[in-house]
Amino acid sequence: MTSASQISRPRSRKGVDGWRWTGRFFLVFMILYTAIPMVWMLLTSIKSGFAAMQFPPQWWPSEPTLASYQKLLDPQNSVGQDFLRFFWNSLFVSVCTTILAVLVAVPAAYAFSRFRFPGRRFLFFAVLLRNMFPAVIFLVPLFILMRVLGLVNTHGSLILTYLTFGLPLAIWLLKGFYDNIPIQLEQAARIDGATRFQAFLLIVTPLSVPGIIATAIYSFIGAWNEYIYAATFLTKNDQLTLPVGIQRFFSENTTDFPGLMAASFIMSVPVVVLFLVLQKYFVRALTEGAVKH
Amino acid sequence: MTTVAGHAGLSRKHFVVQPSLLQQMWTSRADYLYVLPAIVVMLVVIAYPIYYTIDLSFFKTPPGLQLRDKIFVGVDNYTSILSSEVFWRVTLNTVIWTVASTLIAFVLGFGSALALHRDFAGRAVLRAILIIPWVISAVAASYIWKWMYHSDFGLIGAVLVQLGIVDTQPNFIDNIYSVLPSLIVVNIWREFPFAMIMMMAGLQTVPEQLLRAARVDGASAWQRFWHITLPHMAGVSTVTILLLAVANFNSFIIPWIMTGGGPSNASHIWITHIYELAFGRQRWGVAAAYSVLLFIILMSLGYFYVRALSANEKKEQGA
């Protein structure tokens, strides 16, 4: 890209500059659109309840305070106790889902990528089709199923359902990775006497670590942000995950906007940090399946 | 490409004699073990619910969901849906919501990808900022925007008043005319990054030599975009638009948290309506019938989705 732009420099400056300025204005607009709500969330979260409810608003908080954060993260008072428990529940459910999703998706994706068993295409698309259906369709029957299995009001019900909506995406992402690992590596291993399973476990799996990381991030973020199943399957207050917990809590305290914004911020921190740290894998994985290099 | 090589390498024995399907399945029985866990989970949590929903849609089930007391009512649930006025209102909302969200998110995403394609200082930072809305929870996004739209202390209204565009704080989400567009803005905010990522990857596949050759031949920036970049992006664009359309058709959290479908159904879309019918009003049969209709619509969308994906796969194998 850099070399191309150097070559282009002497030619057709005017036309290119016009487009480049359009691009810059567009980017500025998109950045404002994206960032203003997030900045406003942060600014509101460090205001007092009184300062947030003013007109015209305090564009910059005159007396910044961390009171909302202290309230949410203090295990001594009841709000903090609830919030920390929701946080822990979310973490537990998301981590369990992630581990299970990777364990189940890795062999399946490998098989879809490498083996040529009859019905492979059908099964693969059947798995993908799951992504098309909204949670709502499955809610009532799954609710009954969970009642039969005795899983209502347990985190097991969430892990099982999150697994199903995480799996298709995980399999699809991982298949993209396996497709791009040269098969010659396994063939060489087979010639050297490895069994097919050994070749998969010892040769291919280490190479697909970036794909596994990406898949894990997606499963984690999906589970962390899930709302509708958690809202339906869990009724006991001490079981709730963050999205549902926050909703329940703030349907009772409708005017505590600094608290709500602080809670939204804390809820976003784990996933945003995860995304920023592992960005490379994250972006690559999503596009591997859709774009062939 | 590698898959074709793998085909020849791993299962050459299949081509010696043409074996029957059962023989083939038997030879590759070990292959199924790899996909078995995934298939079992899928069957339990997908096939069973689908069967159940269809079954439930022909019955009237009491509010407490006591399945023993359900009464067979034939297609009554379906006729009552199609003859209700709310159904048409909700359907119109869903169409507006899906089409507007999908197209605008796609255009903004594609535009951002093009604007970020050329390398410049700070590009990685800008890209990261633009992707964040897609990562954070939709519940958090709903609350952030609900606060932005607040009818007394919301930022957007306050800015409009300060700039002298309006006299008093407008009420964005308690107004039957502005509620749907306001929610679409939120939805696009969360979704355009997905289109952006996909299109950024797509742009990498446009051959640089071709663009350079066109430039040497005197093609303008627009001509290069229109005749070279765009045709190369057709495959990615189809997949992206389909995925966006399905996601938008299925969205629930943003309208549910922000308005609950109100005021007077102005922001109800199919999914929120089904949820309210089932878990709010406990009309299980009607909700199930709605789900079956939704299912049929999605299956036809899914047909195009699979076709687009297989087209991609064929192209890859042909290459």
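Analyst: Please note that this is a predicted model. In chain B, among contacts with a separation of 6 or more, 68% join residues 24 or more positions apart.

User: What makes two residues count as a contact?

Analyst: Their C-beta atoms, placed from the backbone, must lie within 7 Å. By that rule A:Ala105 touches A:Leu167, A:Ala170, A:Ile171, A:Leu174, A:Thr215 and B:Ala38, leaving aside residues up to four places away in sequence.

User: How many residues of chain A and of chain B are in contact with the other chain?

Analyst: On chain A there are 96, in contact with 92 residues of chain B. Helix 2 (residues 13-45) of chain A gives the most to its side, with 16 residues. That side of chain A comprises 70 nonpolar, 20 polar and six charged residues.

User: What makes a set of residues a nonpolar core?

Analyst: Its members must be buried residues of nonpolar kinds such as Ala and Ile, joined through C-beta atoms within 7 Å. The largest such core has 160 residues, of which A:Ala105, A:Ala108, A:Ile171 and B:Ala195 touch the most other members. Helix 9 (residues 179-204) of chain B gives the most to this core, with 16 residues.

User: What radius of gyration does chain B have, against that of a compact globule?

Analyst: A compact globule of 319 residues would have a value near 20 Å, but chain B has 25 Å. The C-alpha trace of chain B spans about 70 × 65 × 30 Å along its principal axes.

User: What share of chain B counts as buried?

Analyst: Of its 319 residues, 39% count as buried, the cut-off being 20 or more other C-beta atoms within 10 Å of a residue's own.

Note on methods. Residues are numbered from 1 along each chain as its sequence is written. Chains are lettered from A and ligands numbered from 1 in the order in which they are written. This is a predicted model: local features need pLDDT of at least 70, side-chain atom pairs count only at pLDDT 80 or more; totals for chains, interfaces and linings use all residues. Helices (H or I, at least four residues) and strands (E, at least two) are DSSP runs, numbered from the N terminus. Ala, Val, Leu, Ile, Met, Phe, Trp, Tyr, Cys and Pro count as nonpolar, Asp, Glu, Lys and Arg as charged, and the others, Gly among them, as polar. A residue is buried if 20 or more other C-beta atoms lie within 10 Å of its own, exposed if 12 or fewer, and partly exposed in between; C-beta atoms are placed from the backbone. The radius of gyration is taken over C-alpha atoms; the globule rule is 2.2 Å times the number of residues to the power 0.38.
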